[in-house]
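I opened the notebook to look up a handful of local features. The entries follow in the order I took them.

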Amino acid sequence: TAGVFQLESRGMRSLMLRLKPSSFEDVVALVALYRPGPMESGMVDDYVNRKQGKASVTYMLPELEPILKETYGIILYQEQVMQIAAAVSGYSLAEADILRRAMGKKIPAVMAAQRERFVSGATARNVPAATAEALFNLIEKFAGYGFNKSHSAAYALIAYQTAYLKAHYPLEFLAALLNSEISHISSLAKHIMEARDQGIHLLPPDINLSGRDFTVENGRVRFGLAGVKNVGVGAIMEILEARKSGPFTSFGNFLARINLTKVNRKVLEALIEAGAFDGLEPNRARLMAGLDTALERVQNLKRLQATRQMTMFESLAETESDDWLPQAAPWEESEKLAREKQALGVYLSGHPLDAYRHLLQSWVKVNIADLDDLPDGEEISLGVVAASHKEKTSKRGGRVAIVTVEDLTGSVEVLLFGDLLERAAAWLTQPCLPLWLKGSLVKEEQGPKIVAQDIAPLAATLPRWPQRLDFRLQGATVTREQLLALKEVLQRHAGPVPAYLHFLDPGNGDLVLALPEELSLTPSENLVNEVNRVFGYPVLSL
């Protein structure tokens, strides 16, 4: 329910996992339940347990069942208080509304008068006085947390509508959601990461294909130019207006066709770092290296145009070549991703942990997406990168860092204290540095956090893999059945390391067979044990 009205917070999503809503009425109840009063009073736990059949549903009087059946015998809505007063004690609707307001304000004198009115009205209808007193006490307890059902239902209807759109039109919904947050980079990053969890990946910004907003393009969502930091509406309108005469054919062609007072250096740098010119020149470092020269030439062009003189640079508007750009080595992947993250708020073309994906799957048992399902206090290890951090002073006067880290599945806050913070401080400020994190899980209402116990660069922590894996088989005794069993084992351990089969034959020489790329492997002790069990002798070792 990420992005779904009223139902997208971590706490609400956690409550839905417990409640397992199965009707529209459950969604109405969710909106009313997810408030401080019901959550602190234990009402939420009672409601969940009764819905799941873990606690019995009882009614103090038969008259209460039709009123409270949909909320499993719990007084959840203010309207239910009014209905009970009318059904049990003969209140008119106007009197019942006075009771509702009195309970909200908790004025002792008014409450005493209402108690007397409620009990006397109930006894007049043959309800025992003790039962009437007990029922009024129950109403008084729950009514303090009661919510207006008409409000809750209106919220739930919009929640249902947005959930329906997300379920049936996920790409259009995501594009609209991102457009609603287009000026809030941190919110964009959150929604994009959650979309990736659902298997939706974004196309990068493109100077020829992106509009102002996020759009659906060929079954995917295209990044909008307004989602790039430092690219304002004026610059975007200038780019789109210039593009009306046809697509830009080169970087020089782009520069010659736009007004650089609107699309200034800051905008150009952001577009380069975001990858918006990759379709014209994929080497972002080369574009950045030639930017000073390009801007100087454009200024000269403008002066010469005023006197109707032509220059070689002016002809760039009519060519598809960027040969005039200086040669430059492409940025290292870490620098490219760091600049991209700075411009877009997210890693879009790759992730610093991509190179460790298979290794993490083999050696790290959980990821951030799993944290909601783990118990409080669980000790965990993760492969992460630091996204942001801030420091403050603890109540005891020491330093504490609150670090947002992310992996390939999501992000979480981590708390670092004392000596560990001193040791790790330099690593936390290095963009794109893969880190190994060990800590204990803390479950809070707002979502899980981690108290760090250890942290270090990932490359120095995880075991190093061999360059290749060699399987040594006895050529004279190997059977077809063994080879088929071996293939099944290898398919369960897919990864990046190439593998080779050695058929050993001392008399005639060994035969070496390189396995296809789709049978490359993730080395592990499990792989070694499974392979050696197939053949009954040592075939593979690490």
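Predicted model: local features only at pLDDT ≥ 70, side-chain atom pairs only at ≥ 80, totals over all residues.

**Entry: Gln 482**

I began with Gln 482, which sits in helix α21, residues 480-491. Is Gln 482 buried or exposed? Its relative accessibility is 18%, so I log Gln 482 as buried. The cut-off for that word is under 20%. I then followed the side chain of Gln 482 and found that it reaches the backbone nitrogen of Thr 479 at 3.0 Å. I left aside neighbours within four places in sequence and listed the contacts of Gln 482: Thr 477, Val 534 and Phe 535.

**Entry: Glu 406**

Next I looked up Glu 406, in strand β5, residues 399-406. Glu 406 has a relative accessible area of 7%, so I count Glu 406 as buried. What does the side chain of Glu 406 join in a polar contact? I found the side chain of His 351, at 3.2 Å. His 351 is also one of the residues that Glu 406 touches, once residues up to four places away in sequence are not counted. Others I noted on that list include Met 193, Lys 341, Tyr 347, Leu 353 and Ile 368. Gly 383, Val 384, Val 385, Ala 387 and Ser 411 are among them too.

**Entry: Ala 189**

I moved to helix α12, residues 185-197, where Ala 189 has its place. Ala 189 is buried, with 12% relative accessible area. Which residues is Ala 189 in contact with, leaving aside neighbours within four places in sequence? I found Gly 345 and Val 346. The C-alpha atoms of Ala 189 and Pro 498 are separated by 35 Å, and the two residues are 309 residues apart along the chain.

**Entry: salt bridges**

Side chains of opposite charge can pair when their charged atoms come close. How many salt bridges does the structure hold? I logged 26. I went through some of them.

I took Arg 18 and Asp 45, whose closest N and O atoms are 2.6 Å apart. Arg 18 belongs to helix α1 (residues 10-19) and Asp 45 to helix α4 (residues 43-51), so this pair ties together parts 27 residues apart in sequence. Arg 18 is partly exposed, at 37% relative accessibility. Asp 45 is partly exposed as well, at 38%.

I then took Glu 217 and Arg 222, a salt bridge with its closest N and O atoms 2.9 Å apart. I note both Glu 217 and Arg 222 as buried.

Glu 340 and Arg 284 also meet through their side chains in a salt bridge, 3.0 Å from N to O. Why does this pair tie together parts that are 56 residues apart in sequence? Glu 340 lies in helix α18 (residues 333-344), whereas Arg 284 lies in helix α16 (residues 284-289). I read 1% relative accessibility for Glu 340, which counts as buried. Arg 284 is buried at 4%.

**Entry: helix α6**

I checked the span of helix α6, residues 78-89. Its twelve residues reach 16 Å from first C-alpha to last, close to the 16 Å expected at 1.5 Å a residue. Which residues of α6 are buried? I listed Gln 78, Gln 80, Val 81, Met 82, Ile 84, Ala 85, Val 88 and Ser 89. Their cover includes α5 (65-68), α7 (93-105), α8 (108-123) and α9 (129-143). After α6 comes Gly 90, with a positive phi near 70 degrees.

**Entry: a nonpolar patch**

Phe 24, Leu 157, Tyr 160, Tyr 164, Leu 165 and Tyr 169 make a nonpolar patch of about 590 Å². Where does the largest share of the patch come from? I traced four residues to helix α10, residues 149-168. Tyr 169 lies in the loop between α10 and α11 (170-180). With 44% relative accessible area, Tyr 169 is partly exposed.

Notes:
Residues numbered from 1 in each chain as written. Heavy atoms only, no water. Patch = residues over 30% accessible without salt bridge, like charges linked within 9 Å, V, L, I, M, F, W, Y side chains within 5 Å. Areas by Shrake-Rupley, 256 points an atom, 1.4 Å probe, with all protein chains shown as cover. Salt bridge = Lys/Arg side-chain N within 4 Å of Asp/Glu carboxyl O. Helix = DSSP H or I, 4+ residues; strand = E, 2+ residues; numbered from the N terminus. Buried < 20%, exposed > 50% of the residue type's maximum accessible area, 1.4 Å probe, protein only. Expected span 1.5 Å × (residues − 1). Contact = heavy atoms within 4.5 Å. Polar contact = N/O pair within 3.5 Å; in protein donor to acceptor, adjacent residues only side chain to side chain.
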